[in-house]
Amino acid sequence: MGDYRQMWIDLGMDLEKHDILCQVLPEAFGSVYLSQENRPEGMDYFNFVVAEIHGVRPSELIAHQQKGGKVFGTFCVYVPDEVIFAAGGIATGLCGGSQFWIPGGEKVLPANTCPLIKASVGARLDGTCPFFKIADMYIGETTCDGKKKAWEILNEHVPVHVMDLPQMKRAKDIKAWEDEIKILMQRVEEQCGTKITAASLAENIKLINGKRQALARLYNTRKNSPVPISGKDVLLITQIAFYDDPARFTEQVNALCDELDARIAKGEGVIPADAPRILITGTPMAIPNWKLHHVLESSGAAVVVEELCTGTRYFQNPVDESGTTIDEQLNALAERYMKINCACFTPNTGRIDDILRLVKEYKVDGVVDCNLQFCGIYSTESYLVDRALKEAGIPVLHIETDYSDQDFEQLRTRVQAFLEMLEK
Ligand code: BJ8
């Protein structure tokens with residue numbers, strides 16, 4: 001990584017603690033990622049983004065602020081980035097995916113809080129993540145109870161605007177979400193000192209749709225056998241999608257897809273064609289949470305698709321681009337975002353329909369339903385996921401884990417037994 005010490009000092013970060021993180025991350029990345037063989041050349045860009053994770057993009061965000069721009073940190077795929085970019089702001093995902101931040105979170109949160117929330121709060125309170133320090137405002141949402149309470153704690157350090165997400169999908173709920181997007185729009189306009197116009201919103205709906213299309217193209221390449229790219233690499237790209245510059249990211253993903261198309265034409269892959277094909281469903285995997293993919297793929301499986309917020313939930317369903325007035329556009333945004341299937345909704349049958357559809361489209365042999373510890377909504381929904389998959393005759397393995405490496409060997413044993421069962 002380049003020398004960004006002065007920038008981190010200016011941000012008021014805890015450099016001593018941060019140095020420890022800077023030592024651990026390259027090691028973890030090297031053993032999980034750089035050990036893979038025959039990776040596409042197009043991964044070089046994404047390797048670079050990770051290697052410079054606390055340097056390059058943070059400096060771009062600071063440069064934006066120096067020109068008077070604002071940065072908004074987000075924690076959920078329901079928050080419409082389009083509105084933030086349309087006001088001239090920059091949206092950046094902030095979910096924490098490292099064990100490193102857990103003790104910091106546990107200083108203010110109960111230990112039986114999900115790791116994603118603990119890590120996110122810890123990253124801010126410990127001062128070891130530049131993204132958390134840079135953001136002028138966080139955008140929270142009323143998805144799960146842990147997050148709702150975490151906003152109150154974070155709000156003591158940085159202004160948090162909370163969007164009230166309805167938890168059913170009736171017409172009145174979609175309308176209510178549209179109203180919430182309108183309120184967000186006003187708040188973002190106030191912060192940025194700009195006015196969103198139908199033209200700026202249309203432009204940014206296109207921009208974010210472009211990112212979705214590129215990701216959809218990338219995922220489509222994985223329908224082939226052998227897969228031209230590992231699940232690990234695709235997970236990394238999806239994680240980077242949350243904070244990279246959207247136009248540059250789209251360009252890089254499309255360039256990678258050109259290379260993957262050429263591989264497919266030659267029948268070239270990264271994992272043998274007879275490897276068991278796995279779909280992962282469950283709670284999101286924020287960077288640098290690569291544990292499950294690593295266990296699966298280093299045990300001989302090919303992860304071919306993720307029904308996750310760091311997966312298909314993030315990019316499927318583009319926003320309708322035909323609206324010409326702000327009201328039409330807000331309605332199109334609400335319609336699109338309310339199609340996301342999060343377990344905080346009741347009922348959430350769309351998620352099960354999606355899993356069954358993806359199993360067919362990606363010719364999946366088995367499903368791993370993996371939830372973060374203490375996530376009540378997803379672990380409760382597991383019962384319904386499990387039943388639907390069993391009824392459809394699809395083998396499923398249920399896993400509950402956290403960010404630590406303590407259960408790594410136990411996970412490996414369970415995953416290997418599952419893969420052996422699929423091979424029979
Ligand atoms: S749309 S999944 S990103 S809320 S934080 S719910 S793991 S207990 S992240 Fe999420 Fe939006 Fe839904 Fe997706 Fe559970 Fe943890 Fe809550 Fe979590």
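Trainee: Which residues does L236 touch, not counting residues up to four places away in sequence?

Mentor: This is a predicted model, in which local features need pLDDT of at least 70, side-chain atom pairs count only at pLDDT 80 or more, and totals for chains, interfaces and linings use all residues. Residues are numbered from 1 along each chain as its sequence is written, and side-chain values use heavy atoms, with hydrogens and water left out. Contact means heavy atoms within 4.5 Å. With residues up to four places away in sequence set aside, L236 touches F29, Y33, M43, F46, V50, I287 and W290.

Trainee: How many residues does the largest nonpolar core have?

Mentor: A nonpolar core is a set of buried Ala, Val, Leu, Ile, Met, Phe, Trp, Tyr and Cys residues joined through side-chain atoms within 4.5 Å. Buried means under 20% relative accessible area, exposed over 50%, and partly exposed in between (1.4 Å probe, protein chains only). F46, L218, L236, I237 and L296 have the most contacts inside the largest core, whose residues number 146.

Trainee: Within what arc do the buried residues of α9 fall?

Mentor: Helices (H or I, at least four residues) and strands (E, at least two) are DSSP runs, numbered from the N terminus. In α9 (residues 145-154), K147, A150, W151 and L154 are buried. They line one face of the helix, because the directions from the helix axis to their C-beta atoms fall within an arc of 110°.

Trainee: Against which elements do these buried residues of α9 pack?

Mentor: An α-helix has 3.6 residues a turn, so residues three or four places apart point the same way. The buried residues of α9 pack against α7 (115-126), β3 (137-141) and β4 (160-163).

Trainee: Which strands stand at the edges of the open sheet of four strands?

Mentor: Two strands pair if DSSP finds at least two bridges between them. The order in this open sheet is β2-β1-β3-β4, with parallel pairing. One side of each edge strand is left without a neighbour in the sheet, because each has a single partner strand; these are β2 (90-93) and β4.

Trainee: At about what angle to β4 does helix α10 run?

Mentor: Axes are lines fitted to C-alpha atoms, for helices over the stretch in contact, and angles run from 0 to 180 degrees between N-to-C directions. Helix α4 (residues 56-66) lies across β1 (71-74) and β2, running at about 150° to β2. Helix α10 (residues 171-192) lies across β1, β3 and β4, and its angle to β4 is about 165°.

Trainee: Which backbone nitrogen does the side chain of T310 reach?

Mentor: T310 lies in the loop between β6 (302-307) and α15 (312-315), and counts as buried because its relative accessible area is 4%. Leaving aside neighbours within four places in sequence, T310 is in contact with residues including Y219, L235 and F242. At 3.0 Å, the side chain of T310 reaches the backbone nitrogen of M285.

Trainee: Which residue is joined to P347 by a cis peptide bond?

Mentor: P347 lies in the loop between α16 (326-337) and α17. Omega of its cis bond is about -10°, and the partner is T346.

How values were computed:
Polar contact = N/O pair within 3.5 Å; in protein donor to acceptor, adjacent residues only side chain to side chain.
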